[in-house]
Amino acid sequence: MSQFEDTQAQRDAIDVDRTKGDFKYEENYAFDAGIGLSEKVVNYIADVKSEESWIREFRLKALKTFTDMPMPTHWATEDLKNIHFDKIRYYLSKGQKVSRTWEEVPDDVKETFERLGIPEAERKFLAGVEAQFDSEAVYSRMKDEMSKLGVIFCGPTEGLRDHPEIFRKWFGKVIPIGDNKFSALNSAVFSGGSFIYVPKGVKVAQPLQAYFRINAENFGQFERTLIIADEGSEITYMEGCTAPKFETATLHSAVVELVALKGAKIQYITVQNWSANVFNLVTKRGVAEEDAEVRWIDCNIGSRLTMKYPGVVLRGKRARGEVLSIALANDGQHQDTGAKMIHAADETTSNIIAKSISVGTGRSTYRGLVHMPKTLRNCKNNTECDALLINEHSRTDTYPAISVRGQKNFVQHEASVSKVSAEQIFYMMQRGLSEGEAMSLAVNGFVNDLVKEFPMEYSVELKRLIELQMEGSVG
Amino acid sequence: MTTLSTSAGNILDQATQKNLSQGQVSHDWFIQLKQKGWDKFTALPMPIRTDEKWRYSDTRSLSLENYHIGKIPSEDEVNQLIAQSHFISRPAGLIIHIDGHCVLRPAISAELAAQGVKFESLEDALKHHPALLKEFLLKHEAGLGGAKFLALHQAYLQSGYVLHVPKGVEIKQPFVSVNWTLTDGVAVFPHALVVADERAQLSIHEYNLSAHPQQKALAISAADLYAGSGARISRFSVQGWSQETQSFEIANTSGAKDSHISSVNAALGSRRARLENTVRIDGPGADVRLYGISVATGEQEFDQRTLQIHNAGKAKSDLLFKNVLLGKSRTIFSGLIKVAPDAQQTDAYQTNRNLLLSGEAEADSMPGLEIEANDVKCSHGATTGQVNPEELFYLLARGIPLSVAQELLAEGFLEEVLSKVDDEESASVVREMFRQKFHQS
């Protein structure tokens with residue numbers, strides 16, 4: 001790439017949203033850590049958060065690991081080289097967050113909210129208009145209920161400060177610092193996210209949502225989430241939302257750790273719709289102890305490049321892991337998603353169902369890992385991945401890796417690639433639908449059995465969102 | 001069994017490579033080709049564990065130390081091994097190599113010769129048909145990770161055969177090539193060049209064997225196969241090297257419009273055997289079938305890497321690799337289907353099935369797809385498991401002992417591929433080899 005193109009690309013990556021909302025950062029170093037990554041920045045974050053020394057050491061160790069590890073471009077896309085780590089802001093304290101008024105929000109975003117049927121109260125929050133969304137009123141009743149049950153729901157800073165006896169034991173254990181380059185980055189500069197503890201036997205009826213705690217830093221660039229479900233408990237957590245999330249930051253790198261103790265169930269639902277300039281590089285992994293279940297429901301629609309392979313380590317007998325994944329890659333997008341199932345105890349079962357849709361020049365990739373070592377007996381895995389290609393230059397790749405030893409273990413993997421059949425489209429057009437409507441109906445049909453697994457309000461929004469994405473893809 | 005002295009003829013010694021080149025028919029281009037191979041070999045690093053193309057392979061035990069170029073075998077040895085090389089009663093032609101030396105030059109019928117069919121050793125073909133070799137020999141890179149090994153093969157290119165069937169000539173009876181290793185520590189580099197012109201039809205069966213089961217050897221084979229438009233090539237390749245052999249085979253096949261290509265790879269021998277099979281479909285209407293079977297025992301590692309490239313649309317490829325695993329063995333299947341942006345209406349399939357008959361064996365499977373056209377039908381599937389308990393119960397209930405029942409079911413599992421071999425005599429030979437291997441384990 002020539003010098004000119006390089007700087008142009010950087011400018012595009014950094015500026016793309018500013019032109020829309022026409023807002024900018026106030027350069028005030030008293031409240032932010034400045035640009036670029038260094039020990040100073042990491043120390044600054046630790047100071048601002050008044051963290052204990054072990055957390056500071058954890059961060060500094062992670063920074064070194066991040067610096068030492070190479071980019072994984074020997075298997076991953078070269079696009080990763082376009083991330084300029086020295087041009088990124090790693091921490092902004094609350095007062096320095098971008099603020100804008102509802103009037104500044106672009107019309108097309110407002111229209112999208114309208115069409116998705118996002119509640120009036122949430123629209124402003126989703127558009128990044130802070131402090132106007134009255135979350136306290138809406139959700140305070142739910143909050144009271146949670147604390148009566150003994151559920152802890154806070155951010156990482158509070159979690160590690162106020163409940164170290166619960167969270168410290170598992171923090172950084174499911175996903176160690178050196179798991180990969182981006183988990184190391186997150187470990188160095190994390191801020192925001194959710195720390196949740198569900199006590200023994202407590203079954204949380206309604207899903208906990210990230211925008212529950214509106215005044216904390218929920219949608220941080222480097223959020224850190226740790227959910228511990230104690231023996232026999234159940235919890236569903238929802239992250240993200242279907243509305244396009246406007247971001248000035250071009251790199252998002254979260255770490256999400258789930259711990260399901262004996263007999264517990266955790267369901268983690270993500271709908272990712274970052275704007276198309278965002279690199280979304282996320283590490284998500286759960287541990288399932290005896291008879292426990294960890295289930296990831298993952299839907300990726302936005303971002304420039306997403307690399308995310310939710311995993312489950314099946315550590316106890318009869319543990320169960322599941323990943324249900326939907327990815328939609330439109331023009332210029334690369335959805336590199338998948339799943340990992342590490343079987344580490346007898347009679348464990350895992351299931352992966354991944355569906356991807358590539359539109360225009362979009363590229364979707366499935367990467368999978370299924371591992372059964374030799375000491376195990378009676379483990380099962382089922383993997384299905386289906387890809388739908390809409391346009392002539394749409395692209396899809398599938399790279400599973402399956403390693404099996406042991407007795408009476410059984411693994412099956414199937415993948416298929418297809419396009420929407422001409423007969424289907426013809427049939428629907430004959431009944432008066434436009435080609436575009438027919439296409440979006442066919443695509444919704446393709447993902448329907450997975451969408452059904454989402455909570456109702458999400459699945460409705462998701463269907464509308466897919467319709468929106470499919471507009472203009474044909475004809 | 002005799003052992004080569006360690007001082008002379010070591011393959012890692014540049015003098016060995018130079019001397020060998022001087023002893024041969026010298027076309028400048030051929031000497032240059034070999035020199036390029038040597039330069040590339042020395043420039044490339046050995047594969048390491050983190051190389052994506054060597055994922056799951058045991059790269060640590062890879063070694064090219066202490067292998068030597070084979071000396072000319074004695075007359076007794078030659079007669080003995082020729083007597084063991086008749087796998088098909090009436091082949092269209094038979095060529096035999098021992099330790100890289102051609103010991104039986106093929107004789108084809110006057111009728112075939114009159115039709116312009118050529119079946120010769122590589123050395124003879126260099127003298128007689130240099131233009132053919134110059135056009136087709138080693139025109140493709142090893143794209144699946146074995147570049148260093150293919151480069152070494154190129155540096156020592158000397159033994160092998162050339163088969164050329166001209167336009168419209170159809171030959172049903174298989175040609176047979178047998179490669180033996182005899183001496184402990186020998187390195188062999190057999191090459192196969194097969195060219196089927198427009199509408200030609202041919203079948204080639206290759207047996208790669210060792211005279212002694214415990215002998216140490218290195219075998220780096222390469223095959224270039226070209227099917228012209230409407231041509232039919234059927235290839236059956238049997239890898240039965242000794243248990244102490246490290247073997248590598250790099251095959252490149254190109255199929256033109258309406259060509260039919262079928263290949264069956266059977267793996268029995270070697271301590272570690274790596275197969276890299278690439279097929280390029282360059283014309284519409286082509287139909288490619290790739291089959292593989294193996295029975296892995298002891299600490300064997302069978303490493304299978306395949307690539308189906310669809311450059312042209314309206315073509316079909318189908319792959320089926322089946323492995324039976326016993327002992328502490330390991331099989332790796334890594335397959336990729338690549339569909340180019342304009343190769344619309346492609347049908348491409350890929351299936352890997354592994355039967356684990358031991359709790360300590362390991363089957364690794366990486367079936368991959370890279371699809372850049374939208375009007376395609378592509379799928380892949382992989383399963384790893386044990387014998388069907390109901391089928392096993394059925395046999396046990398009839399008084400058949402467990403080990404026999406397992407063997408019967410494994411034979412049935414392999415039969416799906418063996419039934420694709422185009423010659424029954426050859427298929428029975430290999431069926432028997434598999435049976436013996438079961439009994440030994």
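I began with what buried means: a residue is buried if 20 or more other C-beta atoms lie within 10 Å of its own. The model I am reading is a predicted one.

**Entry 1, strand E8 of chain B**

I looked up strand E8 (residues 191-196) of chain B and found it mostly covered, with six of its six residues buried. I then sorted the residues by direction. His191(B), Leu193(B) and Val195(B) point one way from E8(B), while Ala192(B), Val194(B) and Ala196(B) point the other way. In a regular strand, side chains alternate between the two faces of the sheet. Both sets in E8(B) are buried.

**Entry 2, the partners of E8(B)**

Which strands pair with E8(B)? I found strand E5 (residues 160-165) of chain B, which pairs with E8(B) in the parallel sense over six bridges. In this pairing Val162(B) stands opposite Leu193(B). I also found E10(B), which pairs with E8(B) in the parallel sense over six bridges. Here Val194(B) stands opposite Leu225(B).

I next looked up the largest nonpolar core, which has 238 residues. Those with the most contacts inside it are Ile227(A), Ala229(A), Ala260(A), Val194(B) and Ala196(B). Strand E10 (residues 216-227) of chain B gives the largest share of this core, nine residues. I followed up Ala260(A). Leaving aside neighbours within four places in sequence, its contacts include Ala229(A), Ile266(A), Val287(A), Ala288(A) and Val294(A). Charged residues are on the list too, among them Lys265(A), Glu289(A) and Glu293(A).

I located Arg232(B) in strand E11 (residues 232-240) of chain B. Why does Arg232(B) count as buried? The reason is that Arg232(B) has 20 C-beta neighbours inside 10 Å, and the cut-off is 20 or more. Leaving aside neighbours within four places in sequence, Arg232(B) is in contact with Gln201(B) and His260(B). I also checked Tyr156(B), 76 residues from Arg232(B) along the chain; their C-alpha atoms are separated by 30 Å.

I found 32 residues of chain B in contact with 33 residues of chain A. On the chain B side, the elements that give two or more residues are strand E20 (362-371) and strand E21 (376-385). By class, that side has 12 nonpolar, 11 polar and nine charged residues. Strand E18 (residues 395-404) of chain A pairs with E20(B) in the antiparallel sense over six bridges. I noted one bridge there, between Thr396(A) and Ile371(B).

I counted 12 helices and 19 strands in chain A. Of its 475 residues, 49% count as buried.

Key
Residues numbered from 1 in each chain as written. Chains lettered and ligands numbered in written order. Predicted model: local features only at pLDDT ≥ 70, side-chain atom pairs only at ≥ 80, totals over all residues. Contact = placed C-beta atoms within 7 Å. Helix = DSSP H or I, 4+ residues; strand = E, 2+ residues; numbered from the N terminus. Pairing = 2+ DSSP bridges. Core = buried A, V, L, I, M, F, W, Y, C linked by C-beta atoms within 7 Å. Buried ≥ 20, exposed ≤ 12 C-beta atoms within 10 Å, placed from the backbone.
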